[in-house]
Amino acid sequence: MNILIVYMKDCAFCLKKLKKDFEKEGAKVYAVERSKLVEGAFKNKNLIVVLAGDGTFLKTAHFAKNIPMIGVNATPHRRVGFFCRASPKNIIRKFRAWKSGKIKPIKLQRLKSVIIYKGKKIVPFLALNEVFIGCSKPFQVSKYTLITNGKTEYQRASGILVGTAAGSHGWIYNAGGKKLPITSSDFQFVTREPVQSRIVKMSLTSGILPKKCIITILSDTSNGIVVIDSYPLPWKFPKGAKITIRLSKNPIYFLG
């Protein structure tokens, strides 16, 4: 049993004990600090333990492929921990339950995005929470055409969010979306602060979509960006670019 622990520096105070606890269970433990994550760290691992908060869980999920993940919130007074639900005190109990087959991972759906610009295709990493399309400067209006479920609409807004069921409990909910059961295969979109006017009138400002639906957005904004799971480095989405968003065939296997 090979375990990878991904941690943040401010949670390292309990890393040593956590490693020892897993080693007592017969596991071989590897640890990597969040800023040093690389693809190779996930090779031949049976379980990923995130010792931090949801931001680190999301970043780690971008590397995870068919490896169960569990989050440990070592600082609950500072972090909400929607994905990091275990604690240093109960993580070993949950590990034993998983190892013995008493609990099984649940599937959390992710979104696949494909950006096409001037014939070039760019595929960002999969989104566990949401995809945001907007301006690089948040105070500017984003302009784009939204196509989904057989309908097309030109929009002006501060951006648009497309989120998973798991992500529906975070940013997209606070932007006016609806909470969905985290195991749902539905996903949704929410137009942020739509700029209604006599020139542009919008009715497609939110919607819940079944798993086979596709959302297409055509950029009419020179400094547009695409952001996945609030990752600090956005992808460029200039005027004339197109993005398609749909459910991925590669979910996250989550031990809650």
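A residue is called buried when its relative accessible area is under 20%, exposed when that area is over 50%, and partly exposed in between, as computed with a 1.4 Å probe on protein chains only. The structure shown above is a predicted model, in which local features need pLDDT of at least 70 and side-chain atom pairs count only at pLDDT 80 or more, while totals for chains, interfaces and linings use all residues. Residues are numbered from 1 along each chain as its sequence is written, and side-chain values use heavy atoms, with hydrogens and water left out.

We begin with charged side chains. Side chains of opposite charge can pair when their charged atoms come close. Here a salt bridge is a side-chain nitrogen of Lys or Arg within 4 Å of a carboxyl oxygen of Asp or Glu, and the model holds 6 salt bridges by this rule. One of them joins Arg78 to Asp10, with the closest N and O atoms 2.5 Å apart. Arg78 lies in the loop between strand E4 (69–72) and helix H3 (91–99), and Asp10 in the loop between strand E1 (2–7) and helix H1 (15–24), so the pair ties together parts that are 68 residues apart in sequence. Helices (H or I, at least four residues) and strands (E, at least two) are DSSP runs, numbered from the N terminus. Arg78 is exposed, at 54% relative accessibility, whereas Asp10 is partly exposed at 29%.

Lys17 is exposed at 55%, but Asp21 is buried at 14%.

We turn now to aromatic rings. Rings of Phe, Tyr and Trp (its six-membered ring) pair if their centres lie within 6.5 Å; planes under 30 degrees apart count as stacked, over 60 as edge-to-face and the rest as tilted. The structure holds 10 aromatic pairs. Among them, Phe125 and Tyr231 are edge-to-face, with 5.0 Å between centres and 85 degrees between planes. Phe125 is partly exposed, with a relative accessible area of 21%, and Tyr231 is partly exposed at 24%. Phe125 also pairs with Trp235: the centres are 5.0 Å apart and the planes at 80 degrees, so this pair is edge-to-face. Elsewhere, ring pairs link Phe57, Phe82, Phe83 and Phe254 into a cluster.
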